[in-house]
Amino acid sequence: MEEKDYFVHESSYVDDGAKIGKGSKIWHFSHVSKGAVIGEKCQIGQNVFIGGDVVIGNGVKIQNNVSIYDKIVLEDYVFCGPSCVFTNVFNPRSEYPRDREKEFLKTVLKRGASVGANATIVCGNTIGRSVFVGAGSVVTKDIPDYALVYGNPARIKGWMCECGEKLEFENGSSECAKCAKRYNLDGNKVIRTL
């Protein structure tokens with residue numbers, strides 16, 4: 001019997017053909033579909049579903065009760081809070097099934113993005129690097145890097161450092177009070193400078 005370099009709880013299912021990286025852990029009652037790709041050192045919580053056309057980077061944390069459907073990409077170090085929701089079809093109908101290749105929309109969460117508990121990410125959008133989506137929010141459009149968004153629909157309410165601290169800008173620049181990373185703000189675009 002082949003020794004695995006990742007952990008799968010005995011109550012979970014990992015279909016043949018799924019790829020799971022070294023050091024990842026898949027906890028109770030989860031299902032990873034054939035074709036899914038999960039990076040190294042990921043934490044997959046209880047009751048998580050991962051579709052077959054899903055790519056998950058390294059160091060990703062997916063909390064309990066989250067479904068990651070086809071056409072979703074989670075880059076390295078993304079955090080998905082408990083019971084957050086991802087869609088993959090913009091206009092679903094039970095009576096009129098949608099074509100997976102033509103009508104399922106790709107959603108991308110860039111490196112370090114965090115999605116709060118019970119937030120909903122509508123398909124076809126890109127959530128930028130180190131974005132913070134507040135709990136219970138509904139994301140209906142692309143979100144630029146480092147934005148702090150919340151509400152329904154989610155709107156930009158501020159900016160976040162890669163380390164998770166809120167940034168305060170003065171004359172278009174900011175230094176994180178916690179980690180000293182520096183950023184410039186130009187309109188709705190934040191760029192890390194140091």
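**Figure 1. Glu-75 and Lys-110 form a salt bridge.** The closest N and O atoms of Glu-75 and Lys-110 are 3.7 Å apart. Glu-75 sits in the loop between E12 and strand E13 (79–80), and Lys-110 in the loop between strand E15 (107–109) and strand E16 (114–115), so the bridge ties together parts 35 residues apart in sequence. Glu-75 is partly exposed, at 27% relative accessibility. Lys-110 is also partly exposed, with a relative accessible area of 32%. The model shown here and in the other views is predicted.

**Figure 2. Arg-100 pairs with Asp-70 in a salt bridge.** Here the closest N and O atoms are 1.7 Å apart. The pair links distant parts of the chain, 30 residues apart. Arg-100 belongs to helix H1 (residues 100–103). Asp-70 lies in the loop between strand E11 (67–68) and strand E12 (72–74). Which partner is buried? Asp-70 is, with a relative accessible area of 10%. Arg-100 is partly exposed, and its relative accessible area is 40%.

**Figure 3. Glu-162 and Arg-129 meet through their side chains in a salt bridge.** The N to O distance is 3.6 Å. Glu-162 occupies the loop between strand E22 (155–160) and strand E23 (166–167). Arg-129 occupies the loop between strand E18 (126–127) and strand E19 (132–133). These parts are 33 residues apart in sequence, so the pair ties them together. Glu-162 is partly exposed at 25% relative accessibility. Arg-129 counts as partly exposed too, at 30%. A search of the whole structure finds eight salt bridges.

**Figure 4. Cys-123 is buried in a loop.** The loop runs between strand E17 (120–121) and E18. The relative accessible area of Cys-123 is 4%. That value is under 20%, so Cys-123 counts as buried. Which residues surround Cys-123, leaving aside its neighbours within four places in sequence? Cys-123 is in contact with Thr-87, Asn-88, Val-89 and Phe-90, and also with Leu-105 and Thr-107. Cys-123 and Thr-107 are 16 residues apart in sequence. Their C-alpha atoms are 5.4 Å apart in space.

**Figure 5. A cis peptide bond joins Asn-152 and Pro-153.** Omega is about 0°. Pro-153 is found in the loop between strand E21 (147–150) and E22. Most peptide bonds are trans.

**Figure 6. Ser-83 has a positive phi although it is not a glycine.** The angle is about 60°. Most residues other than glycine have a negative phi. Where does Ser-83 lie? Ser-83 is in the loop between E13 and strand E14 (85–86). Ser-83 is partly exposed, with a relative accessible area of 26%.

**Figure 7. Asn-171 has a positive phi and is exposed.** Phi is about 55°, although Asn-171 is not a glycine. Asn-171 is placed in the loop between E23 and strand E24 (173–175). Is Asn-171 buried or exposed? The relative accessible area is 79%. Exposed means over 50%, so Asn-171 counts as exposed.

Figure 8. The C-alpha trace spans about 60 × 45 × 25 Å along its principal axes. Of the 194 residues, 40% count as buried. The accessible surface comes to about 10800 Å². Carbon and sulfur atoms account for 46% of that surface. Among contacts with a separation of 6 or more, 16% involve residues 24 or more positions apart. The chain carries 25 positive and 23 negative side chains. The centres of the two sets lie 4 Å apart.

Terms used
Residues are numbered from 1 along each chain as its sequence is written. This is a predicted model: local features need pLDDT of at least 70, side-chain atom pairs count only at pLDDT 80 or more; totals for chains, interfaces and linings use all residues. Side-chain values use heavy atoms; hydrogens and water are left out. A salt bridge is a side-chain nitrogen of Lys or Arg within 4 Å of a carboxyl oxygen of Asp or Glu. Helices (H or I, at least four residues) and strands (E, at least two) are DSSP runs, numbered from the N terminus. Buried means under 20% relative accessible area, exposed over 50%, partly exposed in between (1.4 Å probe, protein chains only). Contact means heavy atoms within 4.5 Å. Accessible areas come from the Shrake-Rupley method with a 1.4 Å probe; for residues, only the protein chains shown count as cover. Lys and Arg count as positive and Asp and Glu as negative; His and the chain ends are not counted. The place of a charge is taken as NZ of Lys, CZ of Arg, CG of Asp or CD of Glu.
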